[in-house]
Amino acid sequence: MSLLYQHGDALRRFHLAVGEGHQLGIEEYGNRNGVPVIMLHGGPGQGHSCNVLGYFNPQKYRVILYSQRGCGSSTPADFNHINTQYLLSDIQVIKAHLGLEKIVLAGESFGAMLALLFGQLNPDSVLGMVLWSSFLGTHADLEWLYGNTGAPAQTYPEQYQEFTQGSSASTQALLAAYHGALFGNDELLQRKAAQRWAEWDTLITDQCDTQRIRLCSADKQLIKAQQMVHFFSHQCFINPQQIITNAESLLSIPTWFIHSRHDLMCRYAPVHQLAQQTQAQLLVLSGVGHCCANPAYAEAIRRATDLLLCKIQHH
């Protein structure tokens, strides 16, 4: 039996102009006078989903969902003004527009990276963080995901050969090749590259058969592949080891990490290290992968949001 929370209809839905012609699609749920939590989705390029609402007590939290620049319900897909610095600035714009002095940040995968970076820059603005399947955006993370000696390639060598088209090129060269195909003028080549990228991404995220992704919109598939390659080709637009190097700046923020030991997408070891450096709580799961759709994973996230509420209310 699920112990997740049930939410009613959205309090409101709107679009917010954040600059450079970009408009973010935003939805609010829960208690309009509750503790504000901004949910940072993964991907990059995944777009926001109401599936995360069950993690948050609707009587206590004001849940703010939004799609990051160029994906989901946000427009346009203009990559000239999409990078990590813009995404961090957008969180400030949302916070200011809603009149929020302090916020909770919740983040999944790439969204956890954004939360950590925002927390490092603005520790006094963050009440706490709940982060799962955290991605830290390091060179080693990208080698793990796309290199021929990474755990996914070593676990699924047949599928990796299809993903790389048999090439033994470096990770940087592989990303450059995908960037050329995904942003080129040959639409057929573009769609085929997006399909291969999506199949690899889905395989290591869900660790299951990838046939179901063929039901996904081709346009959505392309946008997510473009976003991921755009960010990863530029080392996520951050300095090497930026989060780990500046870990001490997070010490004042109550943080819960939830992570599986068997996550093929995002490595467990550096998250374990970061949790120690920041004196954060770490809920460790076994027998599940990257996907938080697993009931045990989902309920661990829900538990963390409840524990953070207790911490905030008794601070």
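Visitor: Which side chains meet in a salt bridge, Arg 267 with what?
Guide: Keep in mind that this is a predicted model. The N-to-O distance in the salt bridge is 2.9 Å, and the count between domain 1 and domain 2 is 1 salt bridge. Domain 1 covers 12–137 + 239–314, while domain 2 covers 140–237. The side chain that Arg 267 meets belongs to Asp 141.

Visitor: How many residue pairs are in polar contact between domain 1 and domain 2?
Guide: Here both residues of a pair have to be at pLDDT 80 or more.

Visitor: Which helix gives the most to the side of domain 1 that touches domain 2?
Guide: Two helices, α1 (84–97) and α2 (110–121), each supply at least two residues of that side. Its residues divide into 13 nonpolar, 11 polar and 3 charged. The top contributor, with 3 residues, is α1.

Visitor: What area do domain 1 and domain 2 bury between them?
Guide: Their centres, taken over C-alpha atoms, are 24 Å apart. The contact draws 27 residues from domain 1 and 27 residues from domain 2. Carbon and sulfur atoms carry 63% of the buried area, which comes to about 2400 Å².

Visitor: Which three residues supply more than any other three of the area that domain 1 buries against domain 2?
Guide: Look on the domain 1 side for a trio that supplies 32% of the area this domain buries against domain 2.

Technical notes
Residues numbered from 1 in each chain as written. Predicted model: local features only at pLDDT ≥ 70, side-chain atom pairs only at ≥ 80, totals over all residues. Heavy atoms only, no water. Domains from an automatic or database assignment. Contact = heavy atoms within 4.5 Å. Buried area = accessible area lost by both parts, 1.4 Å probe. Salt bridge = Lys/Arg side-chain N within 4 Å of Asp/Glu carboxyl O. Polar contact = N/O pair within 3.5 Å; in protein donor to acceptor, adjacent residues only side chain to side chain. Helix = DSSP H or I, 4+ residues; strand = E, 2+ residues; numbered from the N terminus. Nonpolar A, V, L, I, M, F, W, Y, C, P; charged D, E, K, R; others polar.
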